[in-house]
Amino acid sequence: MSAEAVEKRSFGVAAAEEQSAALIEPDVARGLENFPVRVWPLGAGPRPKPFQYTPDHVAGPGTDIDPTQITFPGCACVKTPCLPGTCSCLRHENNYDDNLCLRDIGLEANYAKPVFECNVLCQCGEHCRNRVVQNGLQFRLQVFQTGKKGWGLQTLESIPKGKFVCEYAGEILGFSEVQRRIHLQTTHDPNYIIAIREHIYNGQVMETFVDPTYIGNIGRFLNHSCEPNLLMIPVRIDSMVPKLALFAAKDILPGEELSYDYSGRFLNQVSSKEKERIDHGQLRKPCHCGAPSCATFLPYDSSLYCSSEKPDTS
């Protein structure tokens, strides 16, 4: 058999195996993303607990806001591109560079700057450079089983620094519902609930609670790392309800696990106060990220475990 024939046969076998795997292994995203998201390893064995898939936030119990409602006006950029100073969606500077990568990301960014994208009411076209997160997945990702962290999410292709990777989407909850769900958890249950607190002005804090436990997207499979390769940025498109967008904080290679810092910081550096809580034996879940600067324990938001009265975050 010639080398060319062997090569063609090998390619045919690989293609057949891929097609067979696609038939056997269902798409975790149920066709709601730009690419199917498979589970590895293939075939029989443990599988993630079933959940209802949604690529976007949905309204959950206890909230008085509808994340699908469009409340922002659109820009009037018809003949000119969306640029700072002329586009109402870009008040100060461009959010993305010419390669559609987020600007000011990683260690050089002291804090997450507000990001507002153009929306469905804007008169600019779909190729506007200020439309990134709303376009969904642009890289092929895979759910896989880790050694000590349960299920994780990895990339199947290279992701340049600054590129949008995926959202962390789920139910938008009210604070009382957040506490109810947390108090029902056992020490063995994973906690998917995340609290986003944004400091606005005059000491005011805007809070958003997201839970993808029962209704969510692939972001629920992301694990914590004290040295993560993703950074979570609140991005607003249609309303003040932020999309929790995850961008590559560094160049990421195929096969790398995707992770972010559950604390909201880029690097999970433990303060002296937090170390004191750990040393006094407060119940914390161990961190298995394996990073050289690992803080030993996963980030802990004590405000979610306090009394039913909403804590003062000012």
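Reader: Where does Arg30 lie?

Author: Arg30 sits in the loop between helix H1 (3-24) and E1; helices (H or I, at least four residues) and strands (E, at least two) are DSSP runs, numbered from the N terminus. Arg30 isn't a glycine, yet its phi is positive, about 55°. One caution: this is a predicted model, where local features need pLDDT of at least 70, side-chain atom pairs count only at pLDDT 80 or more, and totals for chains, interfaces and linings use all residues. Residues are numbered from 1 along each chain as its sequence is written, and side-chain values use heavy atoms, with hydrogens and water left out.

Reader: What is the mean pLDDT of the chain?

Author: The mean is 85, and 81% of the residues reach 70 or more; pLDDT is the predictor's confidence in each residue, from 0 to 100. Over residues 6-18, though, pLDDT is below 50, and beyond near neighbours in sequence that stretch has 1 contact (heavy atoms within 4.5 Å). Residues 275-282 also stay under 50, with 8 contacts beyond four places in sequence.

Reader: What makes E5 and E6 a pair?

Author: Two strands pair if DSSP finds at least two bridges between them. Strand E5 (residues 141-145) and E6 have 5 bridges in the antiparallel sense, so they qualify.

Reader: Why are E1 and E6 at the edges?

Author: The open sheet runs E1-E5-E6, with mixed pairing. Strand E1 (38-40) and strand E6 (151-155) each have a single partner strand, so one side of each has no neighbour in the sheet. The twist from one strand to the next averages 35°, taken between N-to-C directions on a 0 to 180 degrees scale, with axes fitted to C-alpha atoms.

Reader: Which peptide bond is cis?

Author: The one joining Trp40 and Pro41, with omega about 5°. Pro41 is in the loop between E1 and strand E2 (52-53).

Reader: How do you know that E4 and E12 pair?

Author: Here 2 bridges join E4 to strand E12 (residues 230-236), and the rule asks for at least two, so this pair passes. The two run parallel, and Phe116 stands opposite Arg236 in E12. They belong to an open sheet of 4 strands in the order E4-E12-E13-E7, with mixed pairing. E4 and strand E7 (164-167) are its edge strands, each pairing on one side only.
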